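This report describes one protein model for a reader who is new to structures. The sections go from the whole chain to its parts.

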Amino acid sequence: MTLVSYWTAQRIKTDVELMKKLMIVGITLLFLMFGVLTIIYTLPVLMFCLTVAFGGLGFVLPCINMMITSAASDEERGFIVSIYGTVRFLGVALGPVVFEAWMHAERLMFVYSFILLTAGGLWVLYQLKILSSAMGRRKVVPK
C-alpha cells in the first residue's frame, strides 16, 4: 500500500481525470479481492487478496486526500482536513474491535466486510461526481 500510495501521489499532481481512473481501479481491486474472500478464505488466498486489496487502497487514498484538500476553500481547508483525519483514525481505532467481534464466524466477517466495502465504494464513486465538479470551479493546488 505504501509503495502504491507513493507512486500514485507522484503521478496524480493536478490531473483530475487520472485521479478518477485510479480511484475506480483501486475500488475495483478492493471489491474483487474482498469478493474472492467471501468464497475462499484460506491463509494463502487471504494473504494474496489482502496484498492486492491494499494495493488498491494505495490508489484510492492519495486521490481522496487530494480531492478533499482541493475542494475545500483556503479558509475551510484546515477544518476539513482535521475532520477527515479524525474519521480515518476513528476507523483505525474501531476496526480491530469490530473485526474481533466478527471473527467468531469467519465467512460472515468477510461478507460483512464486502458489504461495507461495496456501500463505501458506491458512495465514493457517487461523490466523485460532486467533488470533481467542485474542483472544476476551483484550481487544484499542487502540494
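## Overall make-up

Of the 143 residues of the protein, 33% count as buried, where buried means under 20% relative accessible area, exposed means over 50%, and partly exposed lies in between (1.4 Å probe, protein chains only). The model is predicted: local features need pLDDT of at least 70 and side-chain atom pairs count only at pLDDT 80 or more, while totals for chains, interfaces and linings use all residues. Residues are numbered from 1 along each chain as its sequence is written, and side-chain values use heavy atoms, with hydrogens and water left out.

The protein has 5 helices and 0 strands; helices (H or I, at least four residues) and strands (E, at least two) are DSSP runs, numbered from the N terminus. The C-alpha atoms fill a box of roughly 45 × 25 × 25 Å, taken along the principal axes. Among contacts (heavy atoms within 4.5 Å) between residues at least 6 apart in sequence, 71% join residues at least 24 apart.

## Helix α1

Helix α1 covers residues 2-12, and Ser5, Thr8 and Ile12 in this helix are buried. Seen down the axis of α1, the buried residues fall within an arc of 65 degrees, so they line one face of the helix. The arc is that of the directions from the helix axis to the C-beta atoms.

The buried residues of α1 pack against α2 and α3. On the other side of α1, Thr2, Leu3 and Tyr6 are exposed. Lys13 follows α1 and has a positive phi, near 45 degrees.

## Nonpolar cores

A nonpolar core is a set of buried Ala, Val, Leu, Ile, Met, Phe, Trp, Tyr and Cys residues joined through side-chain atoms within 4.5 Å. The largest one has 17 residues, and Ile12, Met19, Met23, Cys63, Ile64 and Met67 have the most contacts inside it. Two or more residues of this core come from each of α2 (16-39), α3 (43-71) and α5 (106-137). The largest share, 8 residues, comes from α3.

Ile64 touches Met23 and Tyr84, not counting residues up to four places away in sequence. A second, separate core of 10 residues includes Met33, Cys49, Ala53 and Trp102.

## Surface

The accessible surface of the protein comes to about 9,100 Å², of which 74% belongs to carbon and sulfur atoms. Accessible areas come from the Shrake-Rupley method with a 1.4 Å probe; for residues, only the protein chains shown count as cover.

Val98 is in helix α4 (residues 77-102). Val98 is partly exposed, with a relative accessible area of 35%.
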